[in-house]
Amino acid sequence: MKRQALFFNILAATIFALPAFAADDGITGVQWGRKAYNFESMPSGPQPVNNLSRNPDGVANSSQLVGDYHNPILTLEAAAALKKKGELALAGGFPNAEDQCRPIAAPFSSAVQFDFQILQKKNGDLAIVGHQDDQVRHVRMNGKHPAKLVHTAMGDSISHWEGETLVIDTVGVRTDEFIASDRMGTPQSEAMHVMERYRLIDGARAKADMDAFEKTDGVIGGRPPDGYLNPDLNLKGLRLEITMEDRKVFTQPLTVVVTYRPMTIGWREAVCADNPVEHYKDEWIGLPKAEHPDF
């Protein structure tokens, strides 16, 4: 299911066009990363959808995404849709927004992105730049959602600070057949409301939380063992708590966690639409195509 993507020149132009400045909040401006996919669980309460497909050692099989459609957080309709995705996974795979080189919005972005930066502009607004599929999400600081909301690929995001916690509120994500709220294919409707809360945590705690999660969910391939993460545990880690509310999908709000640490490497170049590799049969079913050649 995995296909890295970065149209580097376009992304670089986008980043350098942003009038960003360094903030002293410890969160913005840092390149945060991790070594695993998916969402971590809260200590109690509703749990995210887990992968029923496991390797012999019990670690999740990241190449076969069979979501647990028995999870009580799911509505009957969502459970039925997830079951169908699991059947497709067992037969080879199913497409999602990431591997079709389409925009990746919240909350799915946090399930698949390995590293990102939050850049603060001179007017105080934010831009979240993700390495995975060269995504850029614009966030208005201390703004309000429009009364007449127009659904878009990234949705409408506003933010504010609650003490030392950065809160981002997103609604209005436009959905299609490739949109899901996680890698298992759990559905997402246009009613989805996402609240993200970013706060710094102790570096050693961040490593411990990440290590514990990787023991059950595994790590991504194609990277060195350290995942380009800074080994200095005196540096703060980042804890992201994501609360999803979607009455068509979840029977109650679902809160999940993603843990990050600072990275030692900058932006890398990769490919998506130009990648000839198929990770499963007929993977390229929704890739946007030009009807006529440019030249």
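A: The model is a predicted one. Thr152 has a relative accessible area of 31%, so it is partly exposed. You will find Thr152 in the loop that runs between strand E6 (135-141) and strand E7 (156-162). Within that stretch, a polar atom of the Thr152 side chain lies 3.1 Å from the backbone nitrogen of Gly155. Setting aside residues up to four places away in sequence, Thr152 touches Gly172, Val173 and Arg174. For a sense of scale, Gly58 is 94 residues from Thr152 in sequence, and their C-alpha atoms are 39 Å apart in space.

Now for the contrast. The structure holds 3 aromatic pairs. One of them joins Phe116 and Tyr198 in a tilted arrangement, 6.2 Å centre to centre with 55° between the planes. This pair links distant parts of the chain, since Phe116 sits in strand E4 (residues 115-121) and Tyr198 in strand E9, 82 residues apart. Phe116 has 3% relative accessibility and therefore counts as buried; Tyr198, at 3%, counts as buried too. Phe116 also pairs with Tyr260: their ring centres are 4.9 Å apart and their planes stand at 75°, so this pair is edge-to-face. Because Phe116 is in strand E4 and Tyr260 in strand E11, that pair ties together parts 144 residues apart in sequence. Tyr260 is buried as well, with 2% relative accessibility. Phe116, Tyr198 and Tyr260 form one aromatic cluster.

Phe116 and Tyr198 turn up again in the largest nonpolar core, which has 40 residues; they are among those with the most contacts inside it, as is Leu74. Leaving aside neighbours within four places in sequence, the contacts of Leu74 include Val49, Leu82, Val249 and Phe250.

Helix H4 (residues 203-217) has Gly203, Ala206, Met210, Phe213, Glu214 and Asp217 as its buried residues. Down the axis of H4 these fall within an arc of 105°, so they line one face of the helix. Their cover includes strand E9 (193-201) and strand E11 (254-262). At the N-terminal end, Asp202 caps H4, with a side-chain oxygen 3.0 Å from the backbone nitrogen of Ala204. Just after H4, Gly218 takes a positive phi of about 80°.

Key: Residues are numbered from 1 along each chain as its sequence is written. This is a predicted model: local features need pLDDT of at least 70, side-chain atom pairs count only at pLDDT 80 or more; totals for chains, interfaces and linings use all residues. Side-chain values use heavy atoms; hydrogens and water are left out. Buried means under 20% relative accessible area, exposed over 50%, partly exposed in between (1.4 Å probe, protein chains only). Helices (H or I, at least four residues) and strands (E, at least two) are DSSP runs, numbered from the N terminus. The arc is that of the directions from the helix axis to the C-beta atoms. Contact means heavy atoms within 4.5 Å. A polar contact is a pair of N or O atoms within 3.5 Å; within protein, one must be able to donate a hydrogen and the other to accept it, and residues adjacent in sequence count only if both atoms are side-chain atoms. A nonpolar core is a set of buried Ala, Val, Leu, Ile, Met, Phe, Trp, Tyr and Cys residues joined through side-chain atoms within 4.5 Å. Rings of Phe, Tyr and Trp (its six-membered ring) pair if their centres lie within 6.5 Å; planes under 30 degrees apart count as stacked, over 60 as edge-to-face and the rest as tilted.
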